[in-house]
Amino acid sequence: MPGAIHAEGLVKTFGDVRALDGVDLDVPEGTVLGLLGPNGAGKTTAVRVLTTLLRPDSGRAVVAGVDVLKHPNEVRRSIGLSGQFAAVDEYLTGRENLEMVGQLYQMPARAAKARAGELLERFNLTDAADRTAKTYSGGMRRRLDLAAALVVSPPVMFMDEPTTGLDPRNRQALWEVIQELVAGGTTLLLTTQYLEEADHLAHDICVIDRGRVIARGTSDQLKARTGGERVEVVVHERDHIAVAEQVLRALGKGETTVQEHTRKVTVPVVGGAKLLAEVIRELDNRGVEIDDIGLRRPTLDDVFISLTGHGAEEDGADPGRTSADADQAPAGTAGAAGTTGTAGTTGTTGTTGTTGKGGK
């Protein structure tokens with residue numbers, strides 16, 4: 001049975017650029033799918049298609065049990081979207097921004113006010129609640145935008161790189177909010193370049209590059225594809241590098257690499273902490289003094305370089321983001337859709353488009 005988010009063969013082209021090239025996705029209800037990929041991979045284009053902001057050239061998608069192409073307005077009533085850039089009305093206060101979103105969802109005024117207060121506190125914005133948004137820092141605007149996406153907790157959420165620009169404290173706070181939403185049954189598609197974030201939040205991960213899904217699985221499964229765990233040893237004396245290399249070669253499961261200038265020796269391993277203890281004992285038996293030793297898992301760049309052949313932050317723009325998107329930064333809640341019908345398509349008329357936020 002298809003999940004809460006289901007896509008088959010999505011194709012979207014912009015001129016000669018094939019932004020989506022047959023993308024298949026399936027996200028079971030109440031789970032988080034992390035959509036990973038370098039800049040320009042097609043992540044934002046996929047989100048825009050699934051949230052009815054773009055029509056695919058071919059393929060089909062179903063969100064919350066509703067066909068995205070046949071019944072877009074109905075889909076919009078069931079989703080929330082927070083995009084890459086904060087889109088708030090800078091002439092309204094933080095509180096007024098959130099209350100306005102609530103009213104667009106047809107919440108009673110008292111309920112909208114109460115919900116705004118809850119979210120302002122949740123995102124550490126209470127002290128700035130009655131200041132106009134134009135006085136907010138970039139991180140504060142980002143938090144306000146994320147709060148706006150959560151005024152009404154929809155059954156399906158899309159978050160496009162939500163923690164970009166957030167400091168560690170507020171990133172952790174958002175992670176907690178996401179976990180609470182999912183525990184309550186919300187389904188989430190999360191795009192990110194941060195493997196740590198996907199590690200922490202996603203039940204499954206899909207890696208997309210050049211418009212195609214090139215890998216999928218759990219975080220551990222993807223890391224295993226890039227070589228799994230490695231033992232790294234930094235010896236105290238350069239003369240001991242050769243001995244350390246012999247030890248690691250004997251206990252490891254692959255080729256050793258040596259960095260002479262840092263006195264570091266690395267080898268892929270299987271066995272984790274147990275093997276690490278063996279390495280330490282053997283080095284001690286050989287009289288090798290070490291400055292540092294550790295069990296290391298692949299980093300974000302390890303995964304991306306292995307799977308895509310280039311780093312996670314290689315320059316490139318997702319064609320799904322138009323020049324207008326970049327100029328106006330209209331991200332946020334596509335989701336006042338239940339009352340606006342054309343969320344994300346009515347633009348930024350009047351108030352930075354709470355009816356068009358997410359049009360990214």
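Axes here are lines fitted to C-alpha atoms, for helices over the stretch in contact, and angles run from 0 to 180 degrees between N-to-C directions. Helices (H or I, at least four residues) and strands (E, at least two) are DSSP runs, numbered from the N terminus. The structure is a predicted model, in which local features need pLDDT of at least 70 and side-chain atom pairs count only at pLDDT 80 or more, whereas totals for chains, interfaces and linings use all residues. Residues are numbered from 1 along each chain as its sequence is written, and side-chain values use heavy atoms, with hydrogens and water left out.

The secondary structure of the chain comes to 14 helices and 14 strands. Of the 360 residues in the chain, 52% are buried, where buried means under 20% relative accessible area, exposed means over 50%, and partly exposed lies in between (1.4 Å probe, protein chains only). Contact means heavy atoms within 4.5 Å, and among the contacts in the chain with a separation of 6 or more, residues 24 or more positions apart account for 70%.

Two strands pair if DSSP finds at least two bridges between them. With that criterion, four strands form an open sheet in the order 2-1-4-5, with antiparallel pairing, and its edge strands are strand 2 (17-27) and strand 5 (66-67), each of which pairs on one side only. Strand 4 (residues 58-63) is joined to strand 5 by two bridges, the two strands running antiparallel, and Val62 has Asp67 of strand 5 as its bridge partner. Helix 1 (residues 43-50) lies across strand 1 (5-14), strand 2 and strand 4, and runs at about 115° to strand 1. Arg48 has its place in helix 1 and counts as buried, at 8% relative accessibility. Arg48 and Leu81 are 33 residues apart in sequence, and their C-alpha atoms are 9.5 Å apart in space.

Two packed helices are described by the angle between their axes and the distance between the axes. Helix 3 (residues 94-104) packs against helix 4 (residues 109-122) at an angle of about 130°, and their axes are 8 Å apart. That angle makes helix 3 oblique to helix 4, since angles under 35 degrees count as roughly parallel, over 145 as roughly antiparallel, 65 to 115 as roughly perpendicular and the rest as oblique. Helix 3 passes helix 4 in a right-handed crossing; a crossing is left-handed if the near helix is turned anticlockwise from the far one by less than a right angle, and right-handed if clockwise. On the side of helix 3 the contact is made by Gly94, Arg95, Leu98, Glu99, Gly102 and Gln103, and on the side of helix 4 by Ala112, Lys113, Ala116, Gly117, Leu119 and Leu120. These residues divide into five nonpolar, four polar and three charged, with Ala, Val, Leu, Ile, Met, Phe, Trp, Tyr, Cys and Pro counted as nonpolar, Asp, Glu, Lys and Arg as charged, and the others, Gly among them, as polar.

The buried residues of helix 3 are Gly94, Asn97, Leu98, Glu99, Met100, Val101 and Gly102. Asn97 has a relative accessible area of 2%, and, not counting residues up to four places away in sequence, Asn97 touches Val88, Asp89, Leu92, Ala133 and Leu144. Of these, Ala133 is 36 residues from Asn97 along the chain, with 8.4 Å between the C-alpha atoms. After helix 3 comes Gln106, whose phi is positive, near 65°.

Strand 11 (residues 229-235) has six of its seven residues buried, so it is largely enclosed by the rest of the structure. Six bridges join strand 11 to strand 13 (residues 264-269), antiparallel to it, and Glu229 has Val269 as its bridge partner there. Strand 11 also runs antiparallel to strand 14 (residues 290-296), again with six bridges, and in that pairing Val234 stands opposite Asp292.

Helix 9 (residues 241-251) and helix 10 (residues 272-285) pack at an angle of about 145°, with their axes 10 Å apart, and their crossing is right-handed. Ala244, Val247, Leu248 and Leu251 in helix 9 meet Leu275, Glu278, Val279, Glu282 and Leu283 in helix 10, a contact whose residues divide into seven nonpolar, no polar and two charged.
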